Structure formats: C-alpha cells, structure tokens
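Here is a short tour to read with the model open beside you. Have a look at the structure first, and then we can walk through it together.

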Amino acid sequence: METGSKQLWLLTCLYLLMGCYVVSALDFQYHNHSALTQYMQEISKTYRNMTNLYSIGESLLKRKLWVLEISTAPMDKLGVPNVKLIANIHGNEAAGREILLQLIQFFVTNYCCNDTVRWLLNNTRIHILPSLNPDGFEISTEGKCELGLGRENARHVDLNRSFPDYFQNNTQPRQRETEAVIDWLTRTTFVLSASLHGGVLVANYPYENVMENTWDVVHRLLSTSDFGKNNITSPWKRLFPDMADPYLPSISPDDDVFRHLATTYARTHPTMHLGLPCHDMDKRFEDGITNGAAWYPITGGMQDYNYIYHGCMEITLEISCCKYPFAQELPKLWEENKEVNAPGYEPQEIEFTVASPKQGKRLIPTWLNVSMPAVIKRMVANNARLNFIDGSLMMIAGCMPFSLVYLFNIKY
C-alpha cells in the first residue's frame with residue numbers, strides 16, 4: 001500500500017472511531033424543498049447513530065414537513081427533555097430555514113470534537129423543523145425585505161394566526177400545517193421551543209394576546225370609529241384610563257423565566273441587545289426583548305398555543321432585519337446567531353419563583369396543570385420552588401448559550 005493511501009486509510013479509520021463522518025459541506029444558499037429533503041435524508045443516513053428523520057405531516061400542496069431529531073441519549077433513558085426548533089412558519093421569512101440547516105450540520109460534525117455539543121446531544125433530544133411553510137417559501141422572492149408573496153400558506157392563511165387561542169375565539173380556519181403541529185405536540189411532550197422569524201431584531205416571549213374583554217373593546221372602537229376622517233377625535237380617548245394604551249404587556253405566570261431566556265439570547269447576539277430599530281419607522285425594543293402583546297397583540301399565535309395548551313415554553317426569535325435576505329448575507333447571519341467559543345461550559349442551577357394559584361395551603365404552578373403527570377404535580381405541591389438546570393439548549397440558531405431552562409430538579 002502506498003504511503004498516501006495508507007495515510008488516507010488511517011485517517012478514515014480514526015474518524016470512524018471518533019464518531020465523526022464525512023458529509024458534503026452545506027453551502028450558504030437557499031435550498032428549495034427538494035434540496036432540503038435530500039440534505040436531511042443524507043444527514044440521517046450518514047449519522048444513523050445520532051439522528052432520526054421523520055415527518056409530522058404534509059403541507060397543503062403535499063410537501064412533507066420534515067423534522068430531524070438529533071440526540072445520542074439512549075431511547076430508554078428517563079428524564080431526557082425534548083426540545084424543538086421551528087423556522088419558516090412565514091414562507092417569506094427564509095433566513096431561519098437556512099440557519100437551522102447550518103445548525104444541523106454543526107451538531108453532527110462537531111459531536112466528536114466539541115464538549116458543549118457532546119453534552120447537549122447526550123442530555124437532550126433536539127427536534128429541528130426547518131420549514132413549517134414550504135409552500136409559501138417556494139413562491140417567495142429572495143431579496144424581498146418587507147411583506148410580500150409567500151407569507152401565508154397555499155390557502156392564503158397566515159399559519160401564525162391559525163392556532164387555538166385561549167384569550168379569544170379564533171375564527172381562522174385550522175390549516176393542514178397547523179394540525180400537523182398540534183398532533184406533534186400531542187404525541188411528544190416538549191418542554192422548550194423557539195420559532196425563528198425575520199424582519200426585525202428582537203426576542204419575543206408570551207403572552208402574545210390579551211383577554212377578550214380588553215382587546216375586543218379596543219378592536220370594536222377602531223372598527224366603528226371614523227377616526228382619521230374629518231379630524232374626528234381618536235377612539236383611544238374614550239377608553240378607561242388603564243386601557244389608554246392598547247399595547248400593554250400581557251404577563252404570563254412564568255414571566256421571569258421568559259424574560260431570562262429572551263434577555264440571554266439578546267445579550268449574546270452582537271446587536272440585538274442594543275434594541276435598535278431596523279428601519280426608521282420601527283419600534284425600539286429595550287434590551288432587544290419584548291412581551292408579545294406589548295409589541296402588538298395577535299390571535300392564534302403558535303407561541304401562546306405551545307405554552308398554554310401544552311406547557312411548552314416557546315419564544316419567538318426575529319433574527320434578521322430583512323425577511324428574505326440575499327444568500328450572500330447568510331454567512332453573516334449564521335455568525336451572528338451562533339456561539340462556538342464555549343469550551344468547558346457547565347450547566348448551572350438557576351432558581352425561579354413561579355406565580356401560582358393557591359389550592360388550600362399548597363401552591364401549584366399554573367403551567368403544570370396543562371400536561372404534567374399527577375406525580376410531578378404532587379411533588380411540586382409540597383414545595384412550589386423549582387430549580388432549573390440552565391443552559392442545556394445552548395444553540396437556538398447556533399451553539400449559543402441561550403440559557404433556556406428545561407430540566408426540572410424538583411425538591412420535595
């Protein structure tokens with residue numbers, strides 16, 4: 001055997017022993033549905049020992065909604081949390097779609113040589129859905145930074161307005177893609193989630209809607225008023241004092257946790273934490289975070305649905321000023337949304353107090369009433385103080401110390 005061939009053979013064996021495999025490099029370009037499917041199938045085939053490719057359903061035009069689960073935790077191991085990342089719920093907000101594909105590549109190729117990645121995959125089941133709206137993406141236009149074709153699905157429905165809503169009656173018809181996510185959440189207990197959007201730089205957290213008896217009054221006044229015509233006085237003047245500003249925050253029981261998650265992400269991002277508007281008319285976000293309803297209330301959002309109906313703490317990450325930036329901007333966006341210089345990272349315990357309703361002499365956190373087993377509810381009832389192991393999901397849109405809390409160390 002020639003010297004060069006012998007060296008190549010030894011190098012190949014070394015990679016296999018280390019759990020590293022060769023996979024074609026992922027270019028910084030937009031991948032249509034066919035290319036996305038091919039790439040995820042290639043990854044699943046190459047990294048069988050750490051990935052599982054599955055579909056949660058199909059879009060209206062029969063495009064599969066692919067999810068890649070990445071984990072090295074044994075299937076029978078208890079206490080391994082499920083975490084999910086979703087992008088492209090708005091088809092024309094495309095950067096997140098490619099960021100998640102880059103994240104997949106980063107995880108599978110760095111497991112052998114990055115302690116942080118190894119720890120994450122050994123202790124977490126990470127489910128990545130790069131595109132929830134492939135139909136909208138296919139008709140969107142690269143370089144279109146504002147609203148444009150492809151935001152909605154093939155039935156011209158905004159998927160982020162089509163989920164069941166706790167605060168108001170959502171009359172938007174349920175979509176095939178929406179049903180796929182609902183069934184997915186019913187089958188799998190997720191504890192943590194992030195949805196990647198574009199068009200602004202901010203980390204958005206629940207609630208995104210407000211109680212019906214507040215927002216409906218505002219909506220009716222706007223709908224029935226002639227404000228703007230003939231210099232008629234603004235309808236806001238007719239509201240009660242505490243409703244003078246319709247964009248007040250809608251506070252969840254876990255507001256302290258959500259603010260921590262959003263703030264940690266924004267501070268790690270090179271510019272998001274500055275809160276600077278992307279455009280002259282945009283709102284300025286203090287510290288780069290916002291309560292969803294304080295930005296603008298929406299009905300039928302996926303973020304509130306995750307949290308209220310399934311106990312999954314989801315936040316929304318707006319990661320680019322342009323909704324569909326040119327492909328040449330993708331390397332910069334990837335670098336802005338990843339943090340690879342985290343050797344020797346150690347999970348930390350962070351204590352939060354959870355706002356809870358009283359039940360006799362005991363306190364039970366409201367979010368536990370959604371989907372937690374009775375045994376956990378009893379444990380928490382004995383001591384409503386929860387300790388969370390911080391930092392397991394150091395990777396929304398990159399291996400970032402996102403400090404999302406997801407493992408429960410309940411004292412009882």
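This is a predicted model: local features need pLDDT of at least 70, side-chain atom pairs count only at pLDDT 80 or more; totals for chains, interfaces and linings use all residues.

## A residue in the first strand

Let's begin at Asn52, which is found in strand S1 (residues 51–58); helices (H or I, at least four residues) and strands (E, at least two) are DSSP runs, numbered from the N terminus. Asn52 is partly exposed, with a relative accessible area of 37%. On that scale, buried means under 20%, exposed over 50%, and partly exposed in between (1.4 Å probe, protein chains only).

Asn52 touches Val67, Leu68 and Glu69, leaving aside residues up to four places away in sequence; a contact means heavy atoms within 4.5 Å. Val67 is 15 residues from Asn52 in sequence, with 8.3 Å between their C-alpha atoms.

Residues are numbered from 1 along each chain as its sequence is written, and side-chain values use heavy atoms, with hydrogens and water left out.

The predictor's confidence in each residue is its pLDDT, from 0 to 100. The chain has a mean pLDDT of 78, and 67% of its residues reach 70 or more. Over residues 347–412 the pLDDT is below 50, and this stretch has 185 contacts in the model beyond near neighbours in sequence.

## A covered helix

Helix H3 (residues 95–110) has 16 residues, and its end C-alpha atoms are 22 Å apart, which agrees with the 22 Å it should span at 1.5 Å a residue. The expected span is 1.5 Å times one less than the number of residues. H3 is mostly covered, with 15 of its 16 residues buried.

## Aromatic rings

The whole structure holds 14 aromatic pairs. Rings of Phe, Tyr and Trp (its six-membered ring) pair if their centres lie within 6.5 Å; planes under 30 degrees apart count as stacked, over 60 as edge-to-face and the rest as tilted. Phe163 and Tyr305 form a tilted pair, 5.5 Å centre to centre with 35° between the planes. Phe163 lies in the loop between helix H5 (134–138) and helix H6 (176–187) and Tyr305 in helix H10 (residues 302–310), so the pair ties together parts 142 residues apart in sequence. Both Phe163 and Tyr305 are buried.

Phe167 and Tyr207 pair edge-to-face, at 5.0 Å centre to centre and 75° between the planes. Ring pairs also link Tyr166, Phe167, Tyr207, Phe258 and Tyr307 into a cluster.
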